[in-house]
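Hi,

Here is the structure I promised to pass on. Please open it alongside this note; my findings follow below.

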Amino acid sequence: MGNTISQEDLKWCRDKTGISEAIIKRSYEDFRKGLADNEKELDFEMFLKKAADIKGHDVQKFTTKEKEGYRNLFKAFDENRDGKLSFREYFLGTLIITNHKDENDPNKFIEDALRLHFRMKDVNDSHLISAKEAIDIWYKFDIYATPLDSKLQYIDEKQFVTKGLKRLQIKETHVGETKNT
Ligand SMILES: [Ca+2]
């Protein structure tokens, strides 16, 4: 407990991502940094601060749009929707941020996040998940599903990501910055 990662968490992270134990342990140390001994989870402010650390600059340097991207990512990874990230949730989140160290477009994170979620459900590597599973993931990303989607039995990865991003975009132009049309 506390400053050492539990065997359960270690095994879970390794099985889900195939990442080496050394890296998972290092990530756990990063996760613990700034957390009091009795604190087990991160809130959004702390998450953003860590994201800034990873990118090697100050939180203040994030643009509103970038912050919004991280907010979406935070929400997406907050599996149980309690507004906090457990280590497992955090680990998957930072994995994607780290892969996009030089990337300034948070939407790219979302794409990778969608893929990762898809692959976590695709346990037998069939590149298919049930439509219900797909809709559950979309829901976490605030992506709507059509009645047609719910009639499908399975959905493949390409379709899953393409539809998801397209719908997110549509939503963004509606809800995001005001546009004069
Ligand atoms: Ca959570």
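Which residues of helix 7 are buried? Ala-134, Ile-137 and Trp-138 are. Keep in mind that this is a predicted model. The three cover an arc of only 100° around the axis, so they sit on the same side of helix 7. The general rule behind this: an α-helix has 3.6 residues a turn, so residues three or four places apart point the same way. Just after helix 7, Asp-142 has a positive phi of about 60°.

Now the overall layout. The protein chain has nine helices and two strands. In sequence order the pattern is α-α-α-α-α-α-β-α-α-β-α. Of its 181 residues, 23% are buried. Among contacts with a separation of 6 or more, 56% join residues 24 or more positions apart.

Next, the core. The largest nonpolar core holds 30 residues. Those touching the most other members are Leu-73, Phe-77, Leu-85, Tyr-90, Ile-110, Ala-113 and Ala-134. Two or more residues come from each of helix 2 (21–32), helix 3 (44–55), helix 4 (64–77), helix 5 (87–99), helix 6 (106–121), helix 7 (131–140) and helix 9 (157–175). Domain 1 (7–97) and domain 2 (110–180) both contribute residues, so this core lies between them.

Neighbours within four places in sequence aside, Phe-77 is in contact with Leu-85, Glu-89, Leu-92 and Gly-93. Leu-85 is also on the list of core residues that touch the most other members.

Best wishes

Definitions and conventions: Residues numbered from 1 in each chain as written. Predicted model: local features only at pLDDT ≥ 70, side-chain atom pairs only at ≥ 80, totals over all residues. Core = buried A, V, L, I, M, F, W, Y, C linked by C-beta atoms within 7 Å. Buried ≥ 20, exposed ≤ 12 C-beta atoms within 10 Å, placed from the backbone. Helix = DSSP H or I, 4+ residues; strand = E, 2+ residues; numbered from the N terminus. Domains from an automatic or database assignment. Contact = placed C-beta atoms within 7 Å. Arc of directions from axis to C-beta.
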